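Welcome! Have a look at the sequence and the model below, and then we will walk through a few of its features together.

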Amino acid sequence: MTVLNCSATTCIYNENSLCSRGEIEVRGDQAHRSAETCCSSFRDRNSQAAKNMAEKKHCGCERIQIDCKAQECTYNEHCKCTAAAIDIDGPNANKYEDTQCGTFVCKH
Ligand code: SF4
């Protein structure tokens, strides 16, 4: 599994820049650059919905399962990320569109 470093510290699942969710979904079906991708699993830690989910949190794990729709990325094989490590960026994110996969590299 991929090592995930995540700078979206405003996400309810973020624990010291690790993700506690267990698995995430990265979107970007038509993406040709990082900015066109996003982590759709992001949830603003200040939203009421996120507070309701707080009990379901897992531990902050370094390795995580990534379901990725950015099929134009070099690391994407059948919607799974094969990179050894990735960075999800979004230090000021308050919605999932504000995040992106900083490791995206276009195949073309
Ligand atoms: S590195 Fe590529 S395949 Fe892996 S999550 Fe980022 S965009 Fe998806």
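## Around the ligand

The shell around the ligand is made up of 10 nonpolar residues, 2 polar ones and no charged ones. Here Ala, Val, Leu, Ile, Met, Phe, Trp, Tyr, Cys and Pro count as nonpolar, Asp, Glu, Lys and Arg as charged, and the others, Gly among them, as polar. Among the residues that surround the ligand are V26, I66, C68, Y75, N76, T103 and F104; a residue is near a molecule if one of its heavy atoms lies within 4 Å of it.

## How the model is read

This is a predicted model, where local features need pLDDT of at least 70 and side-chain atom pairs pLDDT 80 or more, while totals for chains, interfaces and linings use all residues. Residues are numbered from 1 along each chain as its sequence is written, and side-chain values use heavy atoms, leaving out hydrogens and water.

## Cysteines

How many disulfides does a search of the whole structure find? The count is 0, with a disulfide taken as two cysteine sulfur atoms within 2.5 Å. For C38, the nearest cysteine sulfur belongs to C39 and is 7.4 Å away.

Y96 sits in the loop between β9 (85-89) and β10 (100-101); strands are DSSP runs of E, at least two residues, numbered from the N terminus. Is Y96 buried or partly exposed? Its relative accessibility is 27%, so Y96 counts as partly exposed, whereas C38, at 10%, counts as buried. Buried means under 20% relative accessible area, exposed over 50%, and partly exposed in between (1.4 Å probe, protein chains only).

Leaving aside neighbours within four places in sequence, Y96 is in contact (heavy atoms within 4.5 Å) with R27, C38, C39, S40 and F42.

Key. Helices (H or I, at least four residues) and strands (E, at least two) are DSSP runs, numbered from the N terminus.
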